[in-house]
Amino acid sequence: GKFAREKFSSRNVFVFAAIGSAVGLGNIWRFPYVAFENGGGAFLVPYVVALLTAGIPLLFFDYSIGHRFRASAPLAFRRLNRKLEPIGWFQVLVSVIIAVYYAAIIGWAAWYAYFSLDQRFGSSLEETTSFFTGDFLQMSEESFSFDFVGNITIMIAIVWIGTIVVLALGVQKGIGRLNQFFIPLLIILFVIMVIFALVQDGAMDGLNQFFTPDWSVLTNYQVWIAAYGQIFFSLSVGFGIMITYSSYLKRKTNLTSSGLVVAFSNSAFEVLAGIGVFAGIGFLVHAGGMAWDDVQGGVGLAFFTFPALIASMPAGEVFGFLFFACLVLAGFTSMISIVEVVISAVRDKLDVNRVNGTLIVCVPLAIISLLLMPTATGLMTLDTLDAFSNQIGIVACALISILAVALMGKLPGQRDHLNAVSSWRVGNTWFVFLAATVVVLAITLFFTVRDFVVDGYEEYPDAVVNTWGWGAIAMVLILGIALTFTPWKKGLELTGVPGL
Ligand code: PHE
Ligand code: NA
């Protein structure tokens, strides 16, 4: 095409960007709860096993595809074998779904950073819960709603404008610089927040609750599934992000050692978040604000429990502001990586420049996001999109991408590529781990689909689950196939791999 592929200026910039993608809401609000629910300290055993045998091998797999074929997910898979192009589009469309709701969570967190200063969310768990669902989201009982909440609409629009500005600046000046600045800032703020939590009364009880191992969980297969699920989600592997970022690396880049740095940084951040979150909850339990049985993850942790904790902690304004600022920083750098998957694919297919590609993708996505998220039913829509895109979409994308590449006999070539550029070489154990990963992914997918079919999701009305759950999955499949049959502009796909 007429536009040379953009590049990160150095490997370190890439590593920051990859850490920025990996470290997100999953580290802060998902890991602590999943670990607590699944055996505490003992959960670290399946977690580390999942990291070493599935997370890192899959990270290497994504890098090997993106870096070898130097293209967005659909074009990279097409260059591997033209039949594989739809896999890339499925990944792009799952990213579309995630981007639509991720913007809303970042917007909520931004409001809550501000609310922490005057603590208008109240102080008891009851008050903070009803503030979030009532005053803030203005939730309704209907299935679908077009009642918009003004403040939330404005903040989601701001998140999208920020996304457009960063991505229009391009790979190095936008994504690279943002992460070089935001990731160190995030680490500093987060460490201050954790120390703040650790010095409160009750913090040590929290750590005891968090780390005390329940070894009996090791024989429970659901705990192992939870560990693999956490690792896939947390490393952002299997659905195009790492393919896209690694396509912007120079020819000669040590891929495997970069991957190890990214993977271990992400896990370190996760364990640190567990310590901070449970020290905080320990304080709130100590202060009589809640019981250990009431511990929640996700939205409940960030928007019900934390506000209650902030209201009862000395200098809670500072603590609350730090916590929500960290959510915004971690979320925004992940958001950027998700949207770039889409922009990169559209630019490859249509051969458009960076600014046009950014606008072609972001304006429609922002409009969809603004139509669905700030309404009185936004939370339910978001929750359903999140469950189906993560538990079915990401898992299925990871599964079919490894399986297809393996069945076509292309894995040895990918291994050779990794080894040709990296200092830390992968051997045949890589194939064994990928095979095991396929098995785990298939089992996980089977149980998830069965549960959603049998039980629905979260007692939500069928119309809601059919629209934002199964409907979204059907949209990915149909649109993914349709995009595959759209012609490439200027035969870009035929030009082979640039710079080989
Ligand atoms: N890896 C991110 C986290 O741990 C989550 C994420 C999901 C990022 C999807 C990008 C896309 O929070
Ligand atoms: Na993560």
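The questions below cover the fold and then the ligand site.

Modeller: A quick note first: this is a predicted model, where local features need pLDDT of at least 70, side-chain atom pairs count only at pLDDT 80 or more, and totals for chains, interfaces and linings use all residues. Residues are numbered from 1 along each chain as its sequence is written, chains are lettered from A and ligands numbered from 1 in the order in which they are written, and side-chain values use heavy atoms, with hydrogens and water left out.

Biologist: How many helices and strands does the chain have?

Modeller: Helices (H or I, at least four residues) and strands (E, at least two) are DSSP runs, numbered from the N terminus. On that basis, the chain has 0 strands and 19 helices.

Biologist: Which helix gives the most to the shell around ligand 1?

Modeller: At least two shell residues come from each of α1 (11-22), α2 (25-37), α10 (221-235) and α14 (316-350). With 3 residues, the top contributor is α2.

Biologist: How many charged residues does the shell have?

Modeller: Asp, Glu, Lys and Arg count as charged. The shell around ligand 1 has 7 nonpolar residues, 7 polar ones and, as for charged residues, none.
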